Amino acid sequence: MNQFIGRMLTNRINPVHQTSHAGLWLVLLCALSSGALAQLPTDTSMSQSALHPASSQAQDIELLWWIMFWASVIIFTAVMALLAWGLLSGRRRPSVLSTTASMRFVLVAGVAIPALVLSALVGGSLMLGRSIASTPPPDALQVRVTGWMWWWEIEYLDDNGEVVATTANEMHVPVDRPVAVELASGDVIHSFWVPRLQGKTDMVPGKTNNSWFTATETGEFRGQCAEFCGLQHALMAFVVVAQPEAEFANWLQRQASPANTPTTEAAQHGLEIFEQNCGQCHRIRGTNAIGSLGPDLTHLASRNTLAAATLPNKRGHLAGWISDPQRIKPGNNMPRTLLSPQELNHLLIFLDSLD
Ligand code: CUA
C-alpha cells in the first residue's frame, strides 16, 4: 500500500506514468466487477436471493433490479470511458472542443441525461411499489404474522377473521393462490422479508401493516427479519413452505386440530413435565399448557426447524435447546429447564409425538 501511494506521488510529477497506471486500474476494476457477476449464486434451494423469484411480486422486483443494474453498468462504463479518454489524451494535446461546446457537453451529459435517467428509474420504482403494495384479491388466504424478539407467531384466519390455527416460524401457503399477510409486532420493530416471494414490510408495534404475494412454484423459501431488533436479530428467521392446494389444506386441518394424546407411559410423563415446567410460557392445545409468551408448540414435531430457523428440528438439537437455550441464542426469553436425564428423555418423547 505504501509503495502504491509512493508510486502515485511520483506519478503526479510524471503524467505519462499516471495515465498508463490509471488505465491499468480501470481494467482491473472492470475485471473484478465481471468476476463478481460470475460468482452470483445459482443454487436456489433455501436461498434468500431476490434474483431467484418464486412469486409474481418478486418477479416484478427482480425485473426492476435488472433494469437498474444494466442502467448502472451502461452509465458506469460510459463515465469510465470518458474518464479514460480524458486521462489518456487530455494532457498531450489541447481540448478538441471549444469552450462553448465543452459547456454544452457538461450540461447535456452531466445534468440533462442524469436527470432524465434518474427520473425514469424513480418513476419505475414508484410504479412497481404501487403495484406490489396494492390490495390483495378478496379470495386471498388470510394469515396474521406477529414478530416477537426473536421469533414469528403465525395465525391462520377464517373469513370472519377468527383464528383457526396457530403455529410458529414456519408458514405454509398454497401455490398459485394469493396470500394476504397481516403484519404486527408484539414488542419492537421487526421487518417481514422473504426475498424470493415479496419485498420487506415493517412490523411496527401498535400498527398493522399488510403485504401479499402469490407463490408461483412449490418449495421452501427462507425469510429473515430485516430490521435490527436486538441481540438475536440475525437468528430471527423463518421458512415459508409453498405447496399444492390440497396438500396445504391437509396441513392446515392438521394444524387446526388439538395435539395428539400421549399413547405411552413415557410420553404421558413427558406431558406432565411439560405442563409443570413449560406450560406457563408455551401452549399445547388440548393440554393444560396454555402459556402465550412463547411459540405455540401444538404441532412442534411437524416443523423442520427450531428457535426461528436457528437449528434443524432433531431430537439432539431440541435437547440442547431445552437444556440451555441461552447458550444457543443468548438473550432470548427462554430460561434453562433443569431436568434429570430421564425427565428430559420423556419430555423429548412427548414432544416428538406432536406431529
Ligand atoms: Cu426482528 Cu430483527
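Two strands are taken to pair if DSSP finds at least two bridges between them. Strands (E, at least two residues) and helices (H or I, at least four) are DSSP runs, numbered from the N terminus. The model is predicted, so local features need pLDDT of at least 70 and side-chain atom pairs count only at pLDDT 80 or more, while totals for chains, interfaces and linings use all residues. Residues are numbered from 1 along each chain as its sequence is written, and side-chain values use heavy atoms, with hydrogens and water left out.

**The five-strand sheet**

An open sheet of five strands has the order S3-S2-S1-S5-S8, with mixed pairing. Strand S3 (163-168) and strand S8 (209-214) are the edges; each has a single partner strand, so one side of each lacks a neighbour in the sheet. Direction ignored, neighbouring strands are turned by 25° against each other on average; axes are lines fitted to C-alpha atoms, for helices over the stretch in contact, and angles run from 0 to 180 degrees between N-to-C directions. Helix H5 (residues 245-256) packs on this sheet and touches S1, strand S2 (151-157) and S3, where contact means heavy atoms within 4.5 Å. The direction of H5 makes about 90° with that of S3.

In the hairpin of S2 and S3, five residues lie between the strands, and Gly161 takes a positive phi near 80°. Ile154 stands opposite Thr167 in S3, and Arg144 stands opposite Glu182 in S5.

**The three-strand sheet**

A further open sheet, also mixed in its pairing, has three strands in the order S4-S10-S9. S4 and strand S9 (219-224) are its edge strands, each pairing on one side only. The twist averages 25° from one strand to the next. Gly223 has Phe238 in S10 as its bridge partner. H5 packs on this sheet by touching S4 and S10, and its direction makes about 140° with that of S4.

| Strand pair | Sense | Bridges |
|---|---|---|
| S1 (residues 141-148) and S5 (residues 178-185) | parallel | seven bridges |
| S2 and S3 | antiparallel | five bridges |
| S9 and S10 | antiparallel | six bridges |

**Nonpolar cores**

A nonpolar core is a set of buried Ala, Val, Leu, Ile, Met, Phe, Trp, Tyr and Cys residues joined through side-chain atoms within 4.5 Å. Buried means under 20% relative accessible area, exposed over 50%, and partly exposed in between (1.4 Å probe, protein chains only). The largest core has 31 residues, of which Val145, Tyr156, Met171 and Phe192 touch the most other members. Two or more residues come from each of S1, S2, strand S4 (170-174), S5, strand S6 (190-194), strand S10 (237-243) and H5. Another core, of 22 residues, lies apart from it and includes Leu271, Leu311, Phe350 and Leu351.

**Helices H6 and H9**

Helix H6 (residues 265-277) packs against helix H9 (residues 341-352) at an angle of about 100°, with the axes 7 Å apart. H6 and H9 are therefore roughly perpendicular to each other (65 to 115 degrees; under 35 is roughly parallel, over 145 roughly antiparallel and the rest oblique). Among the residues that meet are Leu271 and Phe274 in H6 and Leu347 and Phe350 in H9.

Phe350 lies in helix H9 and counts as buried at 1% relative accessibility. Leaving aside neighbours within four places in sequence, Phe350 is in contact with Pro262, Ala267, Gly270, Leu271, Phe274 and Ile284. Phe350 and Asn260 are 90 residues apart in sequence and 9.5 Å apart in space, C-alpha to C-alpha.
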